[in-house]
Amino acid sequence: MDLGVRWKLHGDGRTPAPGAVVRPDERLSWPRTAGLGAQHVVAMFGASFVAPVLMGLDPNLAIMMSGVSTVIFLLATKGRVPSYLGCSLSFVGVAAVIRAQGGSSATVTGAVFVVGAALFLVGLAVQKFGARIIHATMPPIVTGAVVMLIGFNLAPVTASTYWPQDQWTALLVMLFTGLAVVCLRGFWSRVAIFLGLLFGYGISWLFDRVFGKIHSVDGGGHMTDHWRLDLSGVGKADWIGLPTFHGPSFQWSAILVALPVVIALVAENAGHVKAVGEMTGSNLDDKLGTAISADGVGSMLSTAVGGPPNTTYSENIGVMAATRVYSTAAYWAAACFALLFGLCPKFGAVVAAIPGGVLGGITVILYGMIGLLGAQIWTKSGVDLRNPLNLVPAAAGIIIGIGNVTLKFTDTFSLSGIALGTLVVITGYHALRALAPAHLKTQEPLLDEGTSSYDEGAEGAGGAEGASGEPRKP
């Protein structure tokens, strides 16, 4: 059985020739491959350890399970889709809502486990019926609106939890991170969040030395005098040890809040698989369903032991684009490095010590970027918001999601925020489409321009788009 774990040496194993690429089934020398793997770990590092901290989960376990999930993904796709699976930021808002309702870490991981199972089933459906099932259920107007409301629903978390802990540090970190994202080039721009965290650590340490303790709310919401950067736990932590494991707990209220994220994950996976296919010059149409299912299995395994869910990372796809090295051997090396980091409690203690003000500055940009990805889906797909069939369900769902509107059914069951907003967008769009006059029912573009080639024979079937994913000109 070919599991994609055999690689041919590319050239002399040192440097690719000008214009050449290292294909997924090739590799450079093992020392260089290990170096590329370390670079992939750094690329995913910022988001992959910020996300579990924001979700209230163990960052050591998150890094370890990202390595495990990556191995599962590489084996499932037989080494044809070079991708790294890191902690998904799409669930940060979900975790915040569940905890605000009194949920524990077990409740969070239980809800997300169900999302992983749903993603696995979606992948199986795509394998059997093709990507058209995705496009029919989740056209761009729906996908974009759901991604947008998931991101913007996080705004109160920044405003009420992180920013008040140290507003001036938050402001400086926000400005530095924004400059890093815009002004840096290549690899450094892709680790701007990580650089922002390092800058925040330094500023917090400097302010503690210059101004002493700060009088503000701490991480628990209590007004106290406290150090901005408290590294006392780092000295007590061991160098080698297992992360903290726990089992999931399942509650329907939490599961309903988390399920809408499936839409965002399907969109992410479809776009990433298409992007990798274009970069490597390979037709990966037949691997889309497998990739989605593998993502679901990785998330189920991670959340089953108390870790966060995982998804394919665009940061690492960016590293491949910059280096033109698409070898899956580098991803195996990255997965091994992640497993080693997960076995170092001292590393986890350093992550857990991130000052609240630093997270405030980071999340202002990060949460906004998540939300605006929804607008990017609309832009790429040419969604016409002048059409009331698109405008009405999206407008209603986004306001419900951002405003955390609640619909109460009984004393023990209600829908609100992300769950209710998603339900309104999906059901509202399809119900209105069924009732709308014919002139409003223009052919929708596909999920995004990154998935257009998955519709085999779309042109022959009278679809509105050509093979490039652009609408046909009349």
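A: Asp25 is partly exposed in this predicted model, its relative accessible area being 36%, a value that falls between the limits of 20% for buried and 50% for exposed. The partner of Asp25 in a salt bridge is Lys8, with 3.9 Å between the closest N and O atoms, which is within the 4 Å cut-off for such a pair. This pair links distant parts of the chain, since Lys8 belongs to strand β1 (8-9) while Asp25 sits in the loop between β1 and β2 (26-27), 17 residues apart.

Another salt bridge joins the side chains of Asp286 and Arg80, at 3.0 Å from N to O. Asp286 is in the loop between α13 (261-280) and α14 (288-304), and Arg80 is in the loop between α2 and β3, so this contact ties together parts separated by 206 residues in sequence. Arg80 is partly exposed, at 31% relative accessibility. The loop between α2 (59-76) and β3 (85-87) also holds Lys78, a residue other than glycine whose phi is positive, near 55°, and which is partly exposed with a relative accessible area of 40%.

Arg228 and Asp166 form a salt bridge as well, their closest N and O atoms being 3.2 Å apart. Because Arg228 lies in the loop between β5 (223-226) and α11 (232-236), and Asp166 in the loop between α7 (155-162) and α8 (167-183), the pair ties together parts 62 residues apart in sequence. Over the whole structure, the search finds 5 salt bridges.

Key:
Residues numbered from 1 in each chain as written. Predicted model: local features only at pLDDT ≥ 70, side-chain atom pairs only at ≥ 80, totals over all residues. Heavy atoms only, no water. Helix = DSSP H or I, 4+ residues; strand = E, 2+ residues; numbered from the N terminus. Buried < 20%, exposed > 50% of the residue type's maximum accessible area, 1.4 Å probe, protein only.
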